[in-house]
Amino acid sequence: MRQSCPKSCPSAKEPFSGFYQRRYSAGESFIIEPDDVNHLVFVISGELSINSEECSGYRVLGGSFVFCYNCGHYTIEAKSDTELIIAYFARPGAACDIASLLQFAKSQDGFQYNFEAVPIKEELEQLLAMLRRFLNDDVPCAHMHESMIELLFVVFRFYYDVEVLANLFFNLFDHAVSFRTMVEGNRVKARNLNHLAELCGYDINTFNVVFRRHYPGYTPGVWMQIQRKDEILADLVETDAPIYHISKKYGFSSSSHLGEYCKKYLGDTPTRVRAKFRKNKR
């Protein structure tokens, strides 16, 4: 029996970024529509034809990949039996990665973007082989997906030329990541509401106004507290951390403040929630 994340673990949820496999027979097609996430389409074998605002009938052969940015509409047809791995993510690598690519593009006289496939190098092929093993074994863990996305961009940074990456991700320079994507991507890193606004590039007053447009019915503070309930539950159930340590970790002013939160969102006091879940696990 294999070990998996318990249901109380935040990573038992659908991953915010990750990968999936697809196989298409010759003549079958699919569409990548505008969305909150970007896509990288890795052609493991076969051949694709892509039509979008950027290209018409562009052929992508096995052993190469293309980038589909989140504001574009891509109609993709398999020209032969084709196997794909598709990555999806809101923001590639660290913010400094895109900044450095933008800086490079601006420093090149006459730099022009072209929609182009990029060869899958040996180092990337090895990473994709490991990933295919995980996907074939149905590893249901957001930790795996999100960690492999990070590793993917490490491979790009160290094994692909900056000219290639600047062209590949050029559209990201002029197309902002959606507000919801920024909020949900930065929430886990935010120490508090002011820090979340800062990570998303807003002052707190503007952030509150924009947030209410995208999340009607919630204030940012209430929304953050609701999102944290799974992490708090995991710490209560899966660790022996003292209650006051957990309250401090999540920015509560006291253990009693955490107790009020747990009664509201988890149905009981922290101590009773811990005891109840542990009793059910026996």
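## Overall make-up

In this predicted model, the secondary structure of the protein chain comprises twelve helices and nine strands. Of the 282 residues in the protein chain, 42% are buried, and the chain exposes about 15500 Å², of which carbon and sulfur atoms supply 49%. When contacts between residues at least 6 apart in sequence are considered, 73% of them join residues at least 24 apart.

## Confidence

The mean pLDDT of the protein chain is 84, with 88% of its residues reaching 70 or more. Confidence is lowest in helix α1, which covers residues 95-107 and has a mean of 71, whereas the highest value, 98, belongs to strand β9 at residues 118-119. Where pLDDT is low, the predicted coordinates should not be read in detail.

## A four-stranded sheet

Four strands form an open sheet with antiparallel pairing, and their order across the sheet is β2-β7-β4-β5. The edges are held by β2 (29-32) and β5 (58-61), each of which pairs on one side only. On average, and with direction ignored, neighbouring strands of this sheet are turned by 25° against each other.

## Two helices in contact

Helix α8 (residues 220-227) packs against helix α9 (residues 229-238) at an angle of about 35°, and their axes lie 4 Å apart. On the α8 side the contact is made by Gln225, Ile226 and Gln227, while α9 contributes Lys229, Asp230 and Glu231. Sorted by class, the residues of this contact are one nonpolar, two polar and three charged.

Glutamate 116 is placed in the loop between α1 and β9, that is, between the elements with the lowest and the highest confidence in the protein chain. Because its relative accessibility is 43%, which falls between the limits of 20% for buried and 50% for exposed, glutamate 116 counts as partly exposed.

Leaving aside residues up to four places away in sequence, glutamate 116 touches Tyr58, Phe65, Val66, Asn167 and Leu168. Among these, Tyr58 falls within the range of the edge strand β5 (58-61). Glutamate 116 and valine 60 are 56 residues apart in sequence, and the distance between them in space is 8.7 Å from C-alpha to C-alpha.

Conventions:
Residues numbered from 1 in each chain as written. Predicted model: local features only at pLDDT ≥ 70, side-chain atom pairs only at ≥ 80, totals over all residues. Heavy atoms only, no water. Axes fitted to C-alpha atoms, helices over the stretch in contact; angles between N-to-C directions. Contact = heavy atoms within 4.5 Å. Nonpolar A, V, L, I, M, F, W, Y, C, P; charged D, E, K, R; others polar. Pairing = 2+ DSSP bridges. Buried < 20%, exposed > 50% of the residue type's maximum accessible area, 1.4 Å probe, protein only. Areas by Shrake-Rupley, 256 points an atom, 1.4 Å probe, with all protein chains shown as cover. pLDDT = per-residue confidence, 0-100.
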